Amino acid sequence: MLKFSFYEVRKIPKGLNILRCWSSSGSPYAAPKPHQIYQSPQELNAQEKNVVDKLFNGLLSSNRACLAQSITLTESIHPRKCLQARLLLRKALQHCKKCQEENKSFNFRIGLSGPPGAGKSTFLETLGKYLTSQGDKIAVLAVDPSSTTNGGSLMGDKTRMQELSRDMNAFIRPSPSSGHLGGVTRSTNEAIIMCETAGYRTVFVETVGVGQSEYEVADMVDMFVVLIPPAGGDELQGLKRGIMEHSHLVVVNKADGDLVQAALRMQYEYTSSLKFMRPISQNWKPKVIKVSSLTGEGIPELWAVMQEFHQTMIKTGELFETRRKQQRVWMWNYITQHIMQVFREDPRVKSHIQEMEKNVEEGLMSAGQAAEILLRRFVPDTVLS
């Protein structure tokens, strides 16, 4: 089998696409067949296929260890592991689609975001324990920020959910953000599918502590919930565009003790400010609810509102349309990520990156000029605006 470091598609005058392949030395190869470029899961050997089958059968039996291994597989960047993950994802998607057609029931995906210190992990443990006590199976995908200096991550969210982590009806998976912006990881979308295949009807995605412009999780869940502390700013903060206008529900946490009055005031101010925003859904008006993760006050009422939202989205058909749009969004997200990887590894670009970076650092050229030079080396016919 031929091995290539990267592939590029170029347009010729007639509008046809031709493929040029380059080795690590920079010399071109003859264009391979499409099946040589995009390796299919059928190219896995028997042992690798057996591993995938074992994981898939484990998912169907709700084996927690197999679920954890499956998510790890989707997070891997090893070429052979990626092929295995692709096959496993295809099996999982087919199973989920079959279950939806037969049972006419849909899993509930909930995204939880908010500023650092809002109490997201404590809130999830309180809500999670309430749901498991009702007989529900839930999964929590918690994303922890990764260090920009050494790449490490503390993974402290699971530590805060001591009671929930011991509950056999709950599955908690902490993952590092690995530098991915938007509050989630590169593979969070696949992890949701794995959890649903394993029989977890409600999946929570807890983002890292985010700001006003980080709401990428909204493109992978059915309901986007913003959690804020009682001292989360004034009415003007609620009017600012960004994360608030993408939310279906705003939860004021820590409404207990001396903070009860502050929580009431915050609830009133955000309820007032949301009236000036166009709702993200035509069939749902965003609501503001106060709860206490410490005492559990307001949790049953909150879950009732969430269930009302879920049923409304199913009855109106908006849930299905939203999920179709989300898949399209993530297709382009993956394309963007892979294009950056291909660009950096291109031998014509790679050999000049350090030189361009040095010129920019020393002020010999602007960042835009350096980027244009590298882009023209990557695709000589590029027209930059």
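A residue counts as buried when its relative accessible area is under 20%. That cut-off applies below to a predicted model. Six aromatic pairs are counted here.

**Phe171 and Tyr200**
- The ring centres of Phe171 and Tyr200 lie 6.1 Å apart.
- Their planes meet at 45 degrees, so this pair is tilted.
- Phe171 has 5% relative accessibility, so it is buried.
- Tyr200 has 1% relative accessibility, so Tyr200 is buried too.

**Trp330 and Tyr334**
- Trp330 and Tyr334 also make a tilted aromatic pair.
- Their centres are 5.8 Å apart, with 50 degrees between the planes.
- Both residues sit in helix H12 (residues 318-345).
- They are four residues apart in that helix, so about one helical turn separates Trp330 from Tyr334.
- Trp330 and Tyr334 are both buried.

**Charges over rings**
- Lys137 places its charged end over the ring of Tyr200, 4.6 Å from the ring centre.
- Tyr200 therefore has two ring contacts described here: the tilted pair with Phe171 and the charge of Lys137.
- Lys91 has its charged end over the ring of Phe56, at 5.7 Å from the ring centre.

How values were computed. Residues are numbered from 1 along each chain as its sequence is written. This is a predicted model: local features need pLDDT of at least 70, side-chain atom pairs count only at pLDDT 80 or more; totals for chains, interfaces and linings use all residues. Side-chain values use heavy atoms; hydrogens and water are left out. Rings of Phe, Tyr and Trp (its six-membered ring) pair if their centres lie within 6.5 Å; planes under 30 degrees apart count as stacked, over 60 as edge-to-face and the rest as tilted. Buried means under 20% relative accessible area, exposed over 50%, partly exposed in between (1.4 Å probe, protein chains only). Helices (H or I, at least four residues) and strands (E, at least two) are DSSP runs, numbered from the N terminus. A charge sits over a ring if NZ of Lys or CZ of Arg is within 6 Å of the ring centre and within 35 degrees of the ring normal.
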